[in-house]
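Please walk through this structure with me. We start with the whole chain and then turn to details.

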Amino acid sequence: MHEYSIVAALVDQVEAAARPHPTARIKRVHVAIGELAGVETELLATAFATFRGGTRCADAELTIDARPAAWRCPKCAATIARGAPLRCEPCGAPAKLASGDEIVLQRIELELDDDDDAKEAPDV
Amino acid sequence: MCSDCGCGDPDVVPLEIQGRILADNDTNAGHNREHFAGAGVLTINLMGSPGAGKTAILEATARHQAGLRLAAIAGDLATDRDAARLERAGIPSRAITTGSACHLDARMVHHALHALPIAGVDVLFVENVGNLVCPAVYDLGQAANVVALAVTEGEDKPLKYPTMFLKADLVLLTKIDLLPHLDFDLAAVKDALARAMPEPRVIAVSAKTGEGVDEWLAWLAARRAALPAPTAGAAAHGHHDHGHGHGHEHGHDHSHAHDHGHAHDHGHGHGHDHGH
C-alpha cells in the first residue's frame, strides 16, 4: 500500500506549487497514472480522500487520468498487441514502452481570492 | 460561483505542473547514485516476494564469490533478521526496519549509507522488502534491478505483477533444486517473462546446491565491468580488486583491510563490524 506515500508526496508538491497563492483554495488536482506505474488508481483516490484532511488539499477533488500501457517497436513504430511478447517480430527489436508508466502531477486548479494578485503574491 | 466565502466570483485558474509525483525520491536516488559512482560500487536492488529466497541467494553469493567485496542493506518491516543472516554469511550489512512501509525509498537507503561505509566495496546489495508490487515504484539509485522469483511461486507471476518484471534487468529463478518435486513449467515462465520484459534475462539458481551461482557471479562481474570509471574523490577502488579480496568472509583477514590508501576512514568500518 504505497499509495499513501504517493499521496504524501503529491500533497507536498501541490502545496509547494500553490505557495505563491496563500489565500487561494485548491479546487482540483489532476494526475496521470499509467497502467504499468505500479499505482492502483482506486487506492490512490481512497488514500487522497483520507490524507487530504488538514492540508491545503482538504477540499480538493482528485482527477485521475488513467493511461493504458502502449508498447511500440522503436524501429518501425508498430504497436505491440496487448498481452503479446514485447518484441517486434519483423524487426527483431525489443519493444519500447510509449506510455503507461506515468506517475505525474499534471496541474492544479486554484480558486483565487479577490485579494490574490496572482502575479505579485508574496512567497510564504 | 463561489458559494462559501462570499468573495464574489473569483477566477478558477489552472496551474500547469507536469512533474513526477515522486520527484523528491528521484532527487534522493540521484544523490545515492552519485555516492555509488564516486565509490565505484555496483549497487543492485534485489526485489521479490517474501520467501522468494533473496537472502539465501546473497548468502550463496558470499560463499561462492572469488574476491568480490560485498555489502548489503536489508529492508524488513519488523526485524533485522535478514541483515543478521547476511552478517553471519560474511557480508557487512545494515538493516532498515521500515515499520509499516512496504518498500524502501531512496531516503531510507541514503540514511543506511551513513552507517555502512561503501568505499572499497565492489557490490552493494539492497535487499528490498519482500513484496512484488511497491518496491518497483521507487528508484533507490541502483545500477540494476534484480527480481528473485522462486519456482514454488508459479509460472504466471510475471503476468500478474507486470510492473515489477518490467523494471527488472535480471530475473533470478530461485530454488531450482526443488524442480523435481514440482510441476513447474520452465517454458511457461519464460513465455510469461517475454510478455512482461522487452529484454528478458533469466538465470536459474539454487542457493542450496550452488547451481547457477557462477552464472550469476559472471553477470555481476559484467555489470561491474560496465560501470563508468569512478568519479574523482573516491578514485581508488581499482586497487581494491587485489589484496584484501576475501576480507569479509574470513575473520583473520580483517587486519589486512586497513591502510589501503585514501579510503581509510571508510574502509575500517567493515573490520569493526566484526568485532575488531
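What follows covers the chain as a whole, a pair of helices and a group of aromatic rings.

This is a predicted model, in which local features need pLDDT of at least 70, side-chain atom pairs count only at pLDDT 80 or more, and totals for chains, interfaces and linings use all residues. Residues are numbered from 1 along each chain as its sequence is written, chains are lettered from A and ligands numbered from 1 in the order in which they are written, and side-chain values use heavy atoms, with hydrogens and water left out.

Take chain B first. Chain B has 10 helices and 8 strands. These are DSSP runs numbered from the N terminus: helices are H or I with at least four residues, strands E with at least two. Of its 276 residues, 51% count as buried, meaning under 20% relative accessible area with a 1.4 Å probe and protein chains only (exposed is over 50%, partly exposed in between). Now consider contacts, defined as heavy atoms within 4.5 Å. Among those in chain B between residues at least 6 apart in sequence, 73% join residues at least 24 apart.

Next, the helix pair. Two packed helices are described by the angle and the distance between their axes. Helix H2 (residues 54-64) and helix H3 (residues 81-88) of chain B have axes that come within 9 Å and cross at roughly 15 degrees. Axes are lines fitted to C-alpha atoms, for helices over the stretch in contact, with angles from 0 to 180 degrees between N-to-C directions. H2(B) and H3(B) are therefore roughly parallel (under 35 degrees; over 145 is roughly antiparallel, 65 to 115 roughly perpendicular, the rest oblique).

Which residues of H2(B) and H3(B) meet? B:Thr55, B:Ala56, B:Leu58 and B:Glu59 in H2(B) touch B:Asp82, B:Arg85 and B:Leu86 in H3(B).

Now the aromatics. The structure holds 2 aromatic pairs over all chains. Rings of Phe, Tyr and Trp (its six-membered ring) pair if their centres lie within 6.5 Å; planes under 30 degrees apart are stacked, over 60 edge-to-face, the rest tilted. B:Phe125 and B:Trp216 have ring centres 6.0 Å apart and planes at 35 degrees, so this pair is tilted. B:Phe125 lies in strand S5 (residues 123-127) and B:Trp216 in helix H8 (residues 213-225) of chain B, so the pair ties together parts 91 residues apart in sequence. B:Trp216 also pairs with B:Trp219, stacked at 5.9 Å centre to centre and 15 degrees between the planes. Both B:Trp216 and B:Trp219 are buried. B:Phe125 is buried too. Together, B:Phe125, B:Trp216 and B:Trp219 form one aromatic cluster.
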